[in-house]
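Let's take a walk through this structure together. Keep the 3D view open and click along as we go.

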Amino acid sequence: MEKKQNGFASGLGFILAAAGSAVGLGNLWGFPYKTHANGGAAFVLVYVACVLFIGIVTMLCEIYIGRRAKANPVTAFKFASSKIGWFGVLAVIIPGFISCYYAVLGGYTVRFTVNSFGTNAGSFVSFAEKEWLVILFTAVFIGTALLVVMGGVKDGIEKSSKVLMPALFIILVGTVIFSLSLGEGVSEGLAFYMKPDFSKLSGSGILAAMGQAFYSLSLGMGAMVAYGSYTGKEVNLLKSTAMICLCDTGVALLAGFAIFPAVYHYTATTGLEAGSFQGVGLMFQTLPLVFEDLGFIGKVIQFFFFFMVSIAAVTSVISLFEVVSQFFIQKFRIRRKKVVMAVAVVAVLISVPIGISLGQVLGGKENAIVIFGQNLLDLFDIITNTVLMPVCAFFSCITVGWIIGPKKFSREMEQDGQKLGLFSSLFSVMVKFVTPLLILAIEIFGVYDLVFPVVDSARSFSANGLGITLSAYGLLALGTVIYFVFLKNSDTGTNEDETRAEK
Ligand code: TRP
């Protein structure tokens, strides 16, 4: 008798939850600013190609690895071979780190939502410097994610995604319509976004597109392994993967349609440089200026906009918490509520220095907390996303391509009633060679860029970059040691164990 206690109740629920993980700050903010930094439309085309050719393959691998083991990432990789269980440890450690800095940014989005009818314009740095306020909003944000994850997969994550994801989509479409109706400047914005000019695209732009695709799809961090483990055989993995990628890419593309016309409009009508499209500035400095410029209606739009960004961020943090919690619940057979509480408390504690450090650096404080020349938020971001994420994504492909093998993959998929047909041979070549090689390229160039960054248009060695790289690999080594010493020969639990522990 198959009891479906902890798992998604429906295929749609799974798709929405996984899309909730994927759609996040990376789509609504990272994608537009990276598109701008890398020359516009040509970057967009490369991005879409990356999703199609390497994103889908990697995501399918991760979901499949989780689903065949029906367990947390450590057990799931161990299930493929006990020698590689340490890949899974990485896939639990990385989300732990990401959730802490992601929550600080999540806190910012909540603050900007709440303050929408006040003045957000120009308030960014002064807010960032108010340590207690930053901590408070981060805690509120984490608390929200905590409540959802405590509810479990079906009653917490799935139910909330079913409401939040459609809401996000509706607000986004509304924002796009509004932005396109602004008049002056809109056509320039659209031209930049849609008319490709390949001369503007550099090699590093192509790598940035690949990296962004992985980040945006939540790959290489256990999230898809964990969510995949909660799907039953009735869920068609190939179709679901395609849908998740479609949602994620659709939201990123729509975000561009919301942001480019609006910022170009603002630049054209106020005669001011639109501040910048850059990084942190785009979301929290430039956009509030645009909204301010549009009067009361601008404030209403601002409220919905930041509310949407908060939703996107919270559904992503939910999946990060789930990965970490799932492992501890199953390994130590502890009740979900207790584990999630502990995870949230630790996340708040770690996010405190991150939030403080970012505020200090933005405010230009002299003895700000920086490590290797970076504020802690950027430091964590580089360690996890630039260095470790490709490693983990690479292993997911290798696990399916070389350890389980594409033949067994196809056979198991067909046993679940999923005909792969022609896709099977394409997949086999992609998963064995093409995708891992491309991921390897992202890793190598990412690290090269860190250690030998371009300064004044020449490459020069950076001791800080080396320091960051070594710390990241140190973390990797630590995870490996932990695995071989503590986890390899012990029972690391499965989804079943949670069901039992709750009784
Ligand atoms: N995909 C998320 C975004 O676009 C960020 C992210 C990266 C993430 N890896 C993740 C979220 C793992 C959850 C789990 O913003």
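Predicted model: local features only at pLDDT ≥ 70, side-chain atom pairs only at ≥ 80, totals over all residues.

Start with the ligand, which sits in the largest cavity. Which parts of the chain surround it? Helices α1 (11-22), α2 (25-37), α10 (203-216) and α14 each give two or more residues to the shell around the ligand. That shell counts 15 residues, and the ones that come nearest are A22, G26, Y102, Y215 and S218.

Now zoom in on the polar atoms. A22 uses its backbone here: one of its backbone N or O atoms lies 3.0 Å from a nitrogen atom of the ligand. L25 also takes part through its backbone, with a polar backbone atom 3.0 Å from an oxygen atom of the ligand. With S218 it's the side chain, where an N or O atom is 3.0 Å from a ligand nitrogen. How much of the ligand does the protein bury? On its own the ligand exposes 360 Å², and the protein buries 100% of that.

Next, follow helix α14, one of the elements in that ligand shell. It runs over residues 295-332, which makes 38 residues. From the first C-alpha to the last, α14 reaches 55 Å, close to the 56 Å expected at 1.5 Å a residue. Is α14 mostly enclosed or mostly open? Of its 38 residues, 29 are buried, so the helix is largely enclosed by the rest of the structure. Buried here means under 20% relative accessible area.

Why stop for that? Because most residues other than glycine have a negative phi. K70 is another one to click on: it isn't a glycine, yet its phi is positive, about 45°. You'll find K70 in the loop between α3 (41-69) and α4 (73-80). With a relative accessible area of 32%, K70 is partly exposed, because that value falls between the 20% and 50% cut-offs.

F372 belongs in this group too, with a positive phi of about 50° although it's not a glycine. Its place is the loop between β1 (370-371) and β2 (374-375). F372 has a relative accessibility of 32%, so it counts as partly exposed.

Last, let's look at a few residues inside helices. T175 is in α8 (residues 152-180) and is buried, at 9% relative accessible area. Where does A255 lie relative to T175? The two are 80 residues apart in sequence, while their C-alpha atoms are 8.7 Å apart in space.

F137 is in α7 (residues 131-150). Its relative accessibility is 13%, so F137 counts as buried. Along the chain, 208 residues separate F137 from V345, and their C-alpha atoms are 14 Å apart.

Finish at Q285, in helix α13 (residues 279-293). Buried or partly exposed? Q285 is partly exposed, with a relative accessible area of 35%.

Terms used: Residues numbered from 1 in each chain as written. Heavy atoms only, no water. Helix = DSSP H or I, 4+ residues; strand = E, 2+ residues; numbered from the N terminus. Buried < 20%, exposed > 50% of the residue type's maximum accessible area, 1.4 Å probe, protein only. Expected span 1.5 Å × (residues − 1). Near = heavy atom within 4 Å. Polar contact = N/O pair within 3.5 Å; in protein donor to acceptor, adjacent residues only side chain to side chain. Areas by Shrake-Rupley, 256 points an atom, 1.4 Å probe, with all protein chains shown as cover. 1 Å grid on protein atoms, 1.4 Å probe; cavity = no way out; pocket = protein on both sides within 12 Å on 5 of 7 lines; lining within 4 Å. Sits in = over half its atoms within 2 Å of the grid points.
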